[in-house]
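Open your viewer and get ready to select residues as we go. We will take a short walk through the model, one stop at a time.

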Amino acid sequence: MNVLIAPDSYKESLSAKQVAEAMALGVQEAIPEANCSLLPFSDGGEGAFEVLETLNLGKTIQVKAQDPLGRTLVAPYFDFTNSDTVWIELSQASGLALLKPQEQNPLYTSTFGTGLQIKHAIEAGKRSIILGIGGSATHDVASGIFTALGGKLFDINESELKACGLALQSCVKIDTRELLPQLEQTTFTVACDVSNPLTGPNGAAHIYAKQKGANPDTIILLEKATQDFGNLLERHSKKHIITVEGAAAAGGTAAGMLAFTHAELKNGFDILADLTNITEKIKQADLIITGEGRTDEQSQFGKVPFRIAELAERHQKPVLLYSGGLTASEVTLRKAGFKAAFALKTGAISLEYAKSHAFALLQEKVASTINAYI
């Protein structure tokens, strides 16, 4: 029996790889003869590195960069074997997790460090860059990336601005004369899984800035500044940017990449699905097991388990779902195609206990339930 194990991570508890390992132990405990294929997965945001490394698709390159507040750090990116393609995760140098809670403020954070990673890759000869933009601490509309690549921003007095959220309100001129020349021959695929436009009630400031440390006054300031900067970007690039679906992602990083580079926005799951050939793996499986930290009604809108269930249904393969917490309705789960769904967190178990004992609980849950569904 071939079992494909393709879960997302259990955030704040287990990495996707650890989830897959616990599931595999549970399967082997219940069905010793089962052949388990482990494919830790991601929606293209944080965690994509783990997928790529698990499949031995290349190697990790360490680069001297900067964190969102300009402090020196070493950040990795993934270099595909025998390819001019790399995968760069914005969270590695510009992520919210790099800052203490009291440091989080999108007025002052920047994607400059991610730009240094991109610059390193381009100067190393890479011409195809996949940029995963989950976990951002920033709201600078990729202006930090732009300046790290040699671009400049100026205010009305011709003073050069340091890229950050606050600078957006003062910027009136974009200078590309000193941009890295190789940038013209470089293409970007931005892994983007939201549909929000850059501005407005569903835009970057109103929807995402609060989780990056913005208070109500900051959100109002950022909204106005982002609208003005977005208009400047559209005049500069001669492209429609502000209303593009997904432009809001990562504090407008998606919008900035569209304006500053040769970029396209693509669903992160789809990018990784192509890279990992997951469709073929699903075809070869007799049973698929997936999961995530919390499965609720929002999970049906593009989360990893639901996308995997969608692919499995096309090839008439059964799927079991094991999640840390489970509040999605039976109707939603059945409609998605799951044969059965299970939660580690039940009424008798506290959230803290479930998180700290997730590996053992998951292994036990799989071992005690899987035989009923094969």
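Select helices H1 and H14 to begin: their axes come within 7 Å and cross at roughly 35°. An axis here is a line fitted to C-alpha atoms, for helices over the stretch in contact, and angles run from 0 to 180 degrees between N-to-C directions. Helices (H or I, at least four residues) and strands (E, at least two) are DSSP runs, numbered from the N terminus. The model is predicted: local features need pLDDT of at least 70, side-chain atom pairs count only at pLDDT 80 or more, and totals for chains, interfaces and linings use all residues. Residues are numbered from 1 along each chain as its sequence is written, and side-chain values use heavy atoms, with hydrogens and water left out.

Which residues of H14 does H1 meet? Colour Phe359, Leu362, Gln363, Val366 and Ala367 in H14; they meet residues of H1 including Val19, Met23 and Val27 (contact means heavy atoms within 4.5 Å).

Now stay on H1, residues 16-30. Its buried residues (under 20% relative accessible area, with a 1.4 Å probe and protein chains only) include Ala16, Ala20, Ala24 and Val27. An α-helix has 3.6 residues a turn, so residues three or four places apart point the same way. Besides helix H14 (358-369), the buried residues of H1 pack against other elements, among them strand E1 (2-5), strand E2 (35-38) and helix H2 (48-54).

Next, show the open sheet, where 6 strands run in the order E3-E4-E5-E6-E9-E10 with mixed pairing. Two strands pair if DSSP finds at least two bridges between them. Strand E3 (58-66) and strand E10 (262-266) are at the edges with a single partner strand each, so one side of each has no neighbour in the sheet. Zoom in on E5 (85-89) and E6 (128-132), which pair in the parallel sense over 5 bridges. Glu89 has Gly132 in E6 as its bridge partner.

Helix H4 (residues 112-123) lies across E3, E4, E5, E6 and E9.

Last, select Trp87 and Phe229, the residues with the most contacts inside the largest nonpolar core, which has 80 residues. Such a core is a set of buried Ala, Val, Leu, Ile, Met, Phe, Trp, Tyr and Cys residues joined through side-chain atoms within 4.5 Å. H8 gives the most to this core, with 8 residues. Around Phe229, look for residues that it touches, including Val141, Leu153 and Phe260.

Conventions:
Expected span 1.5 Å × (residues − 1). Buried < 20%, exposed > 50% of the residue type's maximum accessible area, 1.4 Å probe, protein only.
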